[in-house]
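Please look over the sequence and the model shown here before reading the notes that follow. They are arranged by topic.

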Amino acid sequence: MSGEPWRKRRHDDSSDNISIVEKLYKRDQESYYSAGGFDADDDADQETRERVAEAKQRKYDRSLPYVSPPDDCIQCQKPLLTSFLWDSYCHPVCDGCRDDQGAHKLIARTEAKKQYLLKDEDFDLRKPVLRYISRKNPHNPRYGDMKLYLKLQVEARMLEVYDSWEGFEEAREKRTALRDLRVEKTFEKKIKKMRQEIRGTAKYKTQMKPTKHEHLFGEESHDAESDEYKKKCEVCGYELTYEKM
């Protein structure tokens, strides 16, 4: 009798861990029906991710040097009263002049690195450090938050790295040429491997089905490990293996 309460108590103490396991299991399922019937509600887990993301963003914002805002918008010359671009990127353009599909478009870090041939140090080490805001990944909220940069500032950083648009285009052409060369070498290796496999198959078939002719065997050799004797035809390469009594 004393063992039963102990078992029950151990089961009750692990109930929190079971819910975590269920959540982890559910994340890897395509639908509720394939998730073993677990509840689809994941609000608590989502709130935790949001709190962590907000804390990281606040810590990052505090690490940036304070810059006093200008009086006017650089485009319309009106007082800079409300500005998302200034609050997030220190770019003095008011909300009325913001062109979020053109000059003021936001771009993810991965895309920016690929499109403008930039490295991590170009974002984080070159001064001034490029500012960003964190947003949930639209493809899957369980992925890490996306770092969104102001495209206009990313292009300016690219010009610092490559000196000009011409220098950037030249670097991109070189990189494209190197990538094409790697693809070509990989293709040539595959072709070479296929040819070797075909030749090996043909050689095997030749040994199994030699052409009709009178074999001209060379000197006899002895394999001490298998205690077998071998002779090889000097015409077709056919190898005769035999044992001596």
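**Surroundings of a histidine**

Leaving out neighbours within four places in sequence, His-104 is in contact with Gln-75, Leu-85, His-91, Val-93, Cys-97, Arg-98, Asp-99, Leu-150 and Leu-152, where contact means heavy atoms within 4.5 Å. The model is a predicted one, in which local features need pLDDT of at least 70 and side-chain atom pairs count only at pLDDT 80 or more, while totals for chains, interfaces and linings use all residues. Residues are numbered from 1 along each chain as its sequence is written, and side-chain values use heavy atoms, with hydrogens and water left out.

**More on His-104**

- His-104 is placed in the loop between helix H4 (84-89) and strand E1 (106-108); helices (H or I, at least four residues) and strands (E, at least two) are DSSP runs, numbered from the N terminus.
- With a relative accessibility of 2%, His-104 counts as buried, a class that means under 20% relative accessible area, as against exposed at over 50% and partly exposed in between (1.4 Å probe, protein chains only).
- The side chains of His-104 and Gln-75 are joined by a polar contact of 3.5 Å, that is, a pair of N or O atoms within 3.5 Å, of which, within protein, one must be able to donate a hydrogen and the other to accept it, and for which residues adjacent in sequence count only if both atoms are side-chain atoms.
- The His-104 side chain also reaches the backbone nitrogen of Asp-99, at 2.9 Å.

**The chain as a whole**

- Eight helices and six strands make up the listed elements of the chain, and their order along the sequence is α-α-α-α-β-α-α-β-β-α-α-β-β-β.
- The chain has 245 residues, of which 20% count as buried.
- Among contacts with a separation of 6 or more, 37% are accounted for by residues 24 or more positions apart.

**Packing of H5 and H7**

- Two packed helices are described by the angle between their axes and the distance between the axes.
- Helix H5 (residues 109-116) packs with helix H7 (residues 151-162) at an angle of about 40 degrees, and their axes are 11 Å apart; axes are lines fitted to C-alpha atoms, for helices over the stretch in contact, and angles run from 0 to 180 degrees between N-to-C directions.
- H5 and H7 are therefore oblique to each other, given that angles under 35 degrees count as roughly parallel, over 145 as roughly antiparallel, 65 to 115 as roughly perpendicular and the rest as oblique.
- The crossing of these two helices, H5 and H7, is right-handed, the term used if the near helix is turned clockwise from the far one by less than a right angle, whereas anticlockwise is left-handed.
- On the H5 side, Ala-112, Gln-115 and Tyr-116 meet Lys-151, Val-154, Glu-155, Met-158 and Tyr-162 of H7.
- By class, the contact of H5 with H7 has five nonpolar, one polar and two charged residues, where Ala, Val, Leu, Ile, Met, Phe, Trp, Tyr, Cys and Pro count as nonpolar, Asp, Glu, Lys and Arg as charged, and the others, Gly among them, as polar.

**Backbone features**

- Lys-127 and Pro-128 are joined by a cis peptide bond with omega of about -5 degrees, and Pro-128 lies in the loop between helix H6 (120-124) and strand E2 (132-135).
- Cys-90, in the loop between H4 and E1, has a phi near 55 degrees, a positive value in a residue other than glycine, and is partly exposed at a relative accessible area of 22%.
- Leu-117, in the loop between H5 and H6, has a positive phi of about 55 degrees although it is not a glycine, and is buried, with a relative accessible area of 8%.

**Loops around E4**

- His-215 lies in the loop between helix H8 (165-208) and strand E4 (221-223) and counts as partly exposed at 26% relative accessibility; His-215 and Val-235 are 20 residues apart in sequence and 6.9 Å apart in space, C-alpha to C-alpha.
- Gly-218, found in the loop between H8 and E4, is partly exposed with a relative accessible area of 22%, and, leaving aside neighbours within four places in sequence, Gly-218 is in contact with Lys-231, Lys-232 and Glu-234.
- Asp-227 is placed in the loop between E4 and strand E5 (228-232), is partly exposed with a relative accessible area of 46%, and touches His-222 and Glu-243, not counting residues up to four places away in sequence.
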